[in-house]
Amino acid sequence: MFSRLSIFWRLTLGYLTILALVIGVNLYILNQFRALTDLGAELATHHFPAVETAKRLITSLYSQLKSDKQYLVLRDTTLLKEFLQEAENFRKTLQALEEQEQGGEPLDTLKRTRAFHEEFHTLFLSVGVEQADRSPQAIAGYEAKRDALIEKMTKAINSYISAQEASVGDVLRNSHLKSVEIQEITQQLLLMALILGLGLAGIASYSILRPLRRVTAQIRRIGQGQFGGTIPLAVPQELRDLVGTINWMGEKLQQLDEMKSEFLANISHELRTPLTSIREGSQLLLDGIPGALNHDQRETLTIISESSQRLNHLIGNLLDLSRMEADMVAYNFNPTDLNKIALRSVEKMKFLAERKHIHVDCQLDGGRARVQETDAARMEQVFENLLSNAIKFSSEGSAVTMRSRSLGEGGGIHFTVSDTGPGIPADDLPHIFERFYQGKTPEGRNYVGSGIGLALAKRVLEAHGGRIWAESILGKGSSLHFSLPGSKHTKVLNST
């Protein structure tokens with residue numbers, strides 16, 4: 001289902017999912033901060049004002065006590081009015097506190113305070129104001145009862161204040177704990193959102209880049225001449241037309257490649273017969289069978305014979321490469337003396353080297369190099385192609401060097417063919433083993449050739465389990481290396 005979505009909807013869903021995660025985290029944080037705000041509001045609107053109001057009750061209580069004492073001495077009606085006014089304020093303030101409380105011990109404490117105050121108020125009016133007995137004993141008894149009630153009210157109000165202050169402490173502790181909890185959970189949520197966001201972004205990107213990589217890889221394979229294979233159509237909608245076009249192009253190129261290979265095979269086969277006749281006829285003339293030849297005639301026939309031999313070699317390479325690409329080549333693997341094959345190839349290439357006055361130097365390691373399961377005829381093709389390539393790119397009077405060295409007991413063997421030509425540009429170096437590839441020298445000069453010699457050598461060596469590669473320094477020459485793996489039967493034998 002996801003593979004059918006377009007790139008736009010893949011990106012949109014990815015962004016919306018990440019946005020939903022961020023919004024969810026923000027909503028959680030806002031909700032927790034709202035809870036903290038409610039705790040702060042509870043402190044500001046209830047606990048702190050309750051403590052301040054309770055403290056005003058104590059102040060009012062002591063003002064009433066002061067008016068009581070003064071009135072007992074002076075019997076001034078003004079002091080009585082002040083006492084009654086302060087008592088009324090006390091009751092109103094106490095009532096306001098009671099209305100704020102929802103229940104529990106604080107409300108019970110306030111109710112006890114109200115009862116004590118009513119008792120104090122009644123005691124003052126009935127004894128302090130109306131009683132006629134003003135003896136020291138009566139006044140002392142009144143003051144004892146009054147002071148006891150004042151002390152009870154003071155203790156009750158202080159108890160209420162302590163309870164409110166304890167509630168303030170609890171709220172502050174809860175706020176701190178909740179803040180720490182919010183911080184930890186927020187960090188975890190942000191980390192989870194980040195991981196999930198990156199994961200979703202990675203999935204969305206991968207689902208887009210993966211088909212693009214397939215398209216790129218298929219185009220690269222087509223560019224390298226591998227026309228077979230198609231890209232699955234399980235790609236975003238925007239790429240389906242492109243993928244369909246590439247698949248169609250690959251099929252058409254494959255058909256054209258097969259037609260080309262078939263044409264080359266047929267034309268090469270048809271050319272070999274007349275070329276063989278030309279080469280044999282030239283050789284008969286050079287051997288003097290029809291009659292003696294003068295110097296100019298012999299020189300002309302030599303050129304004809306060498307050119308026909310070189311053309312026959314090229315046609316053979318074309319046929320072999322076509323068969324290899326069609327997997328129609330059968331290899332005859334046997335223990336082979338590769339040094340002997342290398343020397344034989346040098347002899348066959350000597351005529352080409354002598355025409356350019358090039359010296360071919362052989363530095364072969366250890367006499368005979370015997371490698372298990374090697375096709376001698378195919379390996380001879382490899383040596384001839386590498387030597388002809390080195391001679392072609394070397395200037396007149398220079399040298400070409402062939403080296404071999406053992407890679408140890410059972411480790412295989414390594415060959416190097418080096419020239420002193422112009423070198424290979426870095427841009428061309430990765431492509432020189434591709435069929436029909438024609439690079440240029442640093443001066444821009446093109447060399448005549450088919451571009452199949454190195455491709456054929458690569459095919460043969462890969463069929464032997466070996467590998468081939470090139471190294472080059474511009475202006476100093478190039479070296480072509482190949483190695484063949486050994487086995488438990490591989491032997492390197494010295495000449496005796």
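Helix H7 passes helix H9 in a right-handed crossing, in what is a predicted model. H7 covers residues 338-348, and the two helices pack at an angle of about 50°, with their axes 9 Å apart. That angle makes H7 oblique to H9. On the H7 side, the contact is made by Leu 338, Ile 341, Ala 342, Arg 344, Ser 345, Val 346 and Lys 348. Facing them in H9 are Ala 376, Met 379, Glu 380, Phe 383, Glu 384 and Leu 387. By class, the residues of this contact divide into eight nonpolar, one polar and four charged.

I stay with H9 and turn to its contact with H10. H9 spans residues 376-393 and H10 spans residues 453-463; their axes are 9 Å apart, at an angle of about 145°. Here H9 passes H10 in a left-handed crossing. H9 contributes Arg 378, Met 379, Gln 381, Val 382, Asn 385, Leu 386 and Asn 389. H10 contributes Gly 453, Leu 454, Leu 456, Ala 457, Val 460 and Leu 461. The composition of the H9 contact with H10 is eight nonpolar residues, four polar and one charged.

The next pair is H2 and H3. Helix H2 takes in residues 77-100 and helix H3 residues 105-129; their axes come within 10 Å and cross at roughly 165°. How are the two directed relative to each other, given that angle? H2 is roughly antiparallel to H3 because of it. The crossing of H2 past H3 is left-handed. From H2, the residues in contact are Leu 80, Phe 83, Leu 84, Ala 87, Phe 90, Arg 91, Leu 94, Gln 95, Leu 97 and Glu 98. From H3, they include Leu 107, Leu 110, Lys 111, His 117, Phe 120, Phe 124, Leu 125 and Val 129. This contact divides into 13 nonpolar, four polar and five charged residues.

Val 129 deserves a separate remark. This residue is found in helix H3. Leaving aside residues up to four places away in sequence, Val 129 touches Tyr 71, Arg 75, Leu 80, Phe 124 and Arg 134. The C-alpha atoms of Val 129 and Asp 68 are separated by 9.4 Å, although the two residues are 61 residues apart along the chain.

I close with the cavities. How many cavities of 30 Å³ or more does the structure hold? There are two. The largest cavity holds about 50 Å³ of space. Its lining is formed by Leu 72, Val 127, Gly 128, Gln 131, Asp 133, Arg 134, Ala 138, Ile 139 and Tyr 142. The elements giving two or more residues to that lining are H3 and helix H4, which covers 136-223. Which element provides the largest share of the lining? H4 does, with three residues. In terms of residue class, the lining of the largest cavity comprises five nonpolar, two polar and two charged residues. Arg 134, one of the lining residues, is also among the residues that Val 129 touches.

Terms used. Residues numbered from 1 in each chain as written. Predicted model: local features only at pLDDT ≥ 70, side-chain atom pairs only at ≥ 80, totals over all residues. Heavy atoms only, no water. Axes fitted to C-alpha atoms, helices over the stretch in contact; angles between N-to-C directions. Helix = DSSP H or I, 4+ residues; strand = E, 2+ residues; numbered from the N terminus. Left-handed = near helix turned anticlockwise from the far one by under 90°. Contact = heavy atoms within 4.5 Å. Nonpolar A, V, L, I, M, F, W, Y, C, P; charged D, E, K, R; others polar. Parallel < 35°, antiparallel > 145°, perpendicular 65-115°, else oblique. 1 Å grid on protein atoms, 1.4 Å probe; cavity = no way out; pocket = protein on both sides within 12 Å on 5 of 7 lines; lining within 4 Å. Points joined across faces, edges and corners; volume = space filled by probe spheres on them.
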